[in-house]
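Trainee: I have not looked at this structure before. Please take me through it one question at a time.

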There are 2 protein chains.
Amino acid sequence: MKLRELGEDEVVTRLIRSLPVDRRVLVRAGDDCAIVRVAGGLQLLKADCIVEGIHFLPEADPKQIGWKALCRAISDIAAMGGKPLDAVVTVALSREIEFSWLDRVYAGMRNAAKRYGVSLVGGETAQSPGPVFISVALTGTPTDGKYVTRSGGRNLDRLYVTGKLGGSLRGKHLRFHPRMLEAQWLVRKFPIHAMMDLSDGLATDLPRMASASKIGFEIDLAELPRNDQCTVEQALRDGEDYELLFAVAPGAAKRLEIAWRKQFPRIALTCIGRLIKGGATNFREKGFDHFRPE
Amino acid sequence: MKLRELGEDEVVTRLIRSLPVDRRVLVRAGDDCAIVRVAGGLQLLKADCIVEGIHFLPEADPKQIGWKALCRAISDIAAMGGKPLDAVVTVALSREIEFSWLDRVYAGMRNAAKRYGVSLVGGETAQSPGPVFISVALTGTPTDGKYVTRSGGRNLDRLYVTGKLGGSLRGKHLRFHPRMLEAQWLVRKFPIHAMMDLSDGLATDLPRMASASKIGFEIDLAELPRNDQCTVEQALRDGEDYELLFAVAPGAAKRLEIAWRKQFPRIALTCIGRLIKGGATNFREKGFDHFRPE
């Protein structure tokens, strides 16, 4: 069977089933990052790649390409409440490409690294006869020893998203700011049960969180925070929002909203629904949007 | 200027010049791995990739492709005397590819992971409109707190290579065994001043070690351990040997040779020359092969 017939989630599920891991591995492939126990505590690990023609166009600003390559991995570390530490980078590209182009890709990565306190400790180049590939692997540590997976969501947890959704291809996908400080603040201060970053669109990512948490969901489509000129459909399916989606204990929701507005007055935070037993498991079913917040 | 006009070493040198690193970073891009100080001690970090059409042909056995992808990174961790720990993998490929092919690539990686005690903790797949691209990032720890870089070589150190060189494209490049146990044993027992794995061929890699150690070299071409039916030229330039090249204090050389033969009776160990002030710095000059061991 071809990969496109199985779909990405099923491919990853099948591949990771028999991966060799030892007892040091607390969270593995399938969440935003892996988490392993190392000598000094817990370590987060993430690898991600972007491919010319898929994640960026050849004519894109190379600085923004580099920014995106590193920030995608930072966003995944952040989504578990982690602090990113050290990155190693591999770029595969044609030897006919100008050095100045590659140098600007690295300049974009350097900017992101400085902004988010990452050390760029290794860089390899390899030859590619096809499109440019940029792979970034990033380590991280939990915030105050705490981390949040996708799988801890509980019945009646409130669902929140940061920022606004949709329309990312107009440019935000190359310029977004990972919600690192926001995620660390959330994990430190509130009973966040599940969290992830929205990379493939809410319509794909929320069912992933619900499935990992073995529960359903209800959301209110009218409440979705949308970017200007975006339809609900775009907010659900455009992807590459790199905003946080999280589930918090209902008793803490109001307190969280008030504290958020004080702490991050310029970043929207929206309750879009809740996790609920017997709720929807995907966006193809009818009835996923029954939720109305009180 | 195009990348091919600059050459790989110059490209990497220029790119890493301005990378943001903090004081935790002890060894960075340019050696086999990066080494950073983390909460529990030192951590080795390496990322590497292989690309269809460059590092393997489309018709290669997918299990061997997976084996190679992981073992190249293991070989780099080993080359500093480290123990590999956790790997995260990214595969970019066409969605028209059969799942069974990708599953066999992963089977090859699983075999290598079990053999060398690596946990495969993360796996991503991305779409590629071009060739298959497999990126592996690997963490490691030093052996008994010790590690060896390329840059510690000293005047009169003896130069050794493990195994035999040349002819790798006949198949060894897909089936090689990283010299992990051998490297750990060397680092634990002997004053190894510099070490690296031979991935680009002795003619490229020895000058890299000498340059990093700020010294020249002399080698005896007649002493090069060659695979069957390989010329000296092939032993120097074929690349992808994945054997160890190391420099050891001359006073320890004889003892090391005797102990090696007892410990690893089936793996050749050959003294090929020495590091020496004023010696050759590359294989284009005349006179790099003046060395004759006593």
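**Helix pairs, buried faces and single residues**

Trainee: Is the crossing of helix 6 of chain B and helix 9 of chain B left-handed or right-handed?

Mentor: A crossing is left-handed if the near helix is turned anticlockwise from the far one by less than a right angle, and right-handed if clockwise. By that rule, the crossing of helix 6 of chain B and helix 9 of chain B is right-handed.

Trainee: Before going on, what kind of model is this, and how are its parts numbered?

Mentor: This is a predicted model, in which local features need pLDDT of at least 70, side-chain atom pairs count only at pLDDT 80 or more, and totals for chains, interfaces and linings use all residues; side-chain values use heavy atoms, with hydrogens and water left out. Chains are lettered from A and ligands numbered from 1 in the order in which they are written, and residues are numbered from 1 along each chain as its sequence is written. Helices (H or I, at least four residues) and strands (E, at least two) are DSSP runs, numbered from the N terminus.

Trainee: At what angle do the axes of helix 6 of chain B and helix 9 of chain B cross?

Mentor: Axes are lines fitted to C-alpha atoms, for helices over the stretch in contact, and angles run from 0 to 180 degrees between N-to-C directions. The axes of helix 6 (residues 180-189) and helix 9 (residues 253-263) of chain B come within 12 Å, and they cross at roughly 140°.

Trainee: Which word describes how helix 6 of chain B and helix 9 of chain B lie to each other?

Mentor: Angles under 35 degrees count as roughly parallel, over 145 as roughly antiparallel, 65 to 115 as roughly perpendicular and the rest as oblique. Helix 6 of chain B and helix 9 of chain B are therefore oblique.

Trainee: How many residues of the contact of helix 6 of chain B with helix 9 of chain B are charged?

Mentor: Contact means heavy atoms within 4.5 Å. E182(B), W185(B), L186(B) and K189(B) of helix 6 meet R255(B), L256(B), A259(B), W260(B) and Q263(B) of helix 9 in chain B. Ala, Val, Leu, Ile, Met, Phe, Trp, Tyr, Cys and Pro count as nonpolar, Asp, Glu, Lys and Arg as charged, and the others, Gly among them, as polar. On that basis the contact has 5 nonpolar residues and 1 polar residue, and the number of charged ones is 3.

Trainee: At roughly what angle do helix 6 and helix 9 of chain A cross?

Mentor: Helix 6 of chain A passes helix 9 of chain A in a right-handed crossing. Their axes come within 12 Å, at an angle of roughly 140°.

Trainee: Which structural elements do the buried residues of helix 2 of chain A pack against?

Mentor: Buried means under 20% relative accessible area, exposed over 50%, partly exposed in between (1.4 Å probe, protein chains only). In helix 2 (residues 8-16) of chain A, the buried residues are V11(A), V12(A), L15(A) and I16(A). They cover an arc of only 115° around the axis (taken from the directions from the helix axis to the C-beta atoms), which puts them on the same side of helix 2 of chain A. Their partners are helix 1 (3-6) of chain A, together with helix 4 (99-116) and strand 5 (119-127) of chain B.

Trainee: How far apart are the axes of helix 2 of chain A and helix 4 of chain B?

Mentor: Helix 2 of chain A passes helix 4 of chain B in a right-handed crossing. V11(A), R14(A) and L15(A) meet F99(B), L102(B), D103(B), Y106(B) and R110(B) there. The two helices pack at an angle of about 35°, with an axis separation of 10 Å.

Trainee: Which residues does G123(B) touch, not counting residues up to four places away in sequence?

Mentor: G123(B) is found in strand 5 of chain B. At 12% relative accessibility, G123(B) counts as buried. With that sequence limit, the residues touched by G123(B) are V12(A), A29(A), V89(B) and Y106(B).

Trainee: What is the relative accessibility of I35(B)?

Mentor: I35(B) sits in strand 2 (residues 34-38) of chain B. Its contacts, not counting residues up to four places away in sequence, include V25(B), L44(B), M80(B) and Y147(B). I35(B) counts as buried, at a relative accessibility of 0%.

Trainee: Is Q229(A) buried or exposed?

Mentor: Q229(A) lies in the loop between strand 9 (216-219) and helix 8 (232-237) of chain A. Phi of Q229(A) is near 65°, a positive value in a residue other than glycine. At 74% relative accessibility, Q229(A) counts as exposed.

Trainee: Is E240(B) buried or exposed?

Mentor: E240(B) is in the loop between helix 8 (232-237) and strand 10 (244-248) of chain B. Although not a glycine, E240(B) has a positive phi of about 55°. With a relative accessible area of 14%, E240(B) is buried.
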